[in-house]
Amino acid sequence: MRSNEMNRRRFLVAAGAAGLVLTQSPLALTLPAQAKGLAPTPTMRGGANNYRPNAPLVDRLGSGFWVTGTVRRAGDGAPLSGVRIQIWAATTIGGEREPRNHGSVLTAADGTFRLETEQIVPNFGEPHAHLAYDDGAFKTVFLRPVMPSARDTSVNADFVLAPA
């Protein structure tokens with residue numbers, strides 16, 4: 001019996017010491033999370049509706065409503081600059097097929113993008129925007145974020161892109 005008690009005691013002491021080391025080392029606690037990486041954004045159902053390839057780069061599509069977001073690389077989460085994001089929506093000037101409601105922007109050095117448009121209005125009962133990444137260096141992603149209310153004056157959509 002004495003040897004079982006000693007083995008259990010040694011095990012508990014060793015386990016306690018290992019736990020103490022892990023709690024004292026921030027690197028040890030973050031390594032598993034970093035190893036997993038940032039998963040790519042999946043394409044959303046309905047995101048490609050009324051899509052037009054190569055929408056022109058624009059400074060703005062109207063005023064009063066902001067479409068914003070970030071673009072990062074899958075895995076390490078690095079921000080991607082100079083990435084073209086296409087944006088379109090039904091607004092107060094017309095539906096999703098209206099040419100004045102389609103445009104593209106480039107991401108800034110920190111991976112952010114923003115585009116001012118006219119107020120987005122419900123289409124098929126939901127106020128929503130459409131955004132796309134489709135330039136070829138990464139896998140194509142279509143997003144369709146829905147706004148909680150038609151009175152909202154902004155919508156945000158973030159992309160995490162995987163290599164093509």
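Biologist: Is Y133 buried or exposed?
Modeller: This is a predicted model. Y133 has a relative accessible area of 2%. Buried means under 20%, so Y133 is buried. F138, at 15% relative accessibility, also counts as buried.

Biologist: How many aromatic pairs are there?
Modeller: A pair of aromatic rings is described by the distance of the centres and the angle of the planes. The count here is four aromatic pairs. Take Y51 and F142: their centres are 5.0 Å apart, with 80° between the planes. That pair is edge-to-face.

Biologist: Which parts of the chain does the pair of Y51 and F142 tie together?
Modeller: Y51 lies in the loop between α2 (26–36) and β1 (65–73), while F142 is in strand β8 (residues 141–143). The pair therefore ties together parts 91 residues apart in sequence. Y51 is partly exposed at 23% relative accessible area. F142 is buried, at 13%.

Biologist: What are the values for the rings of Y133 and F138?
Modeller: Their centres lie 6.0 Å apart and their planes meet at 70°, so this pair is edge-to-face.

Biologist: Which residues do ring pairs link into a cluster?
Modeller: Y51, W88 and F142.

Biologist: Where does the charged end of R114 sit?
Modeller: Over the ring of W66, 3.9 Å from the ring centre.

Biologist: What lines the largest cavity?
Modeller: A search of the whole structure finds one cavity of 30 Å³ or more. The largest cavity holds about 50 Å³ of space. Its lining includes W88, L61, N101 and A129. Strand β2 (residues 84–89) gives the most, with three residues. The lining has seven nonpolar residues, three polar and no charged.

Conventions. Residues are numbered from 1 along each chain as its sequence is written. This is a predicted model: local features need pLDDT of at least 70, side-chain atom pairs count only at pLDDT 80 or more; totals for chains, interfaces and linings use all residues. Side-chain values use heavy atoms; hydrogens and water are left out. On a 1 Å grid over the protein atoms alone, a cavity is a set of points where a 1.4 Å probe fits but cannot get out, and a pocket is an open set with protein on both sides within 12 Å along at least five of seven lines; lining residues have an atom within 4 Å of a point. Grid points are joined across faces, edges and corners, and a volume is the space filled by probe spheres set on the points. Helices (H or I, at least four residues) and strands (E, at least two) are DSSP runs, numbered from the N terminus. Ala, Val, Leu, Ile, Met, Phe, Trp, Tyr, Cys and Pro count as nonpolar, Asp, Glu, Lys and Arg as charged, and the others, Gly among them, as polar. Rings of Phe, Tyr and Trp (its six-membered ring) pair if their centres lie within 6.5 Å; planes under 30 degrees apart count as stacked, over 60 as edge-to-face and the rest as tilted. Buried means under 20% relative accessible area, exposed over 50%, partly exposed in between (1.4 Å probe, protein chains only). A charge sits over a ring if NZ of Lys or CZ of Arg is within 6 Å of the ring centre and within 35 degrees of the ring normal.
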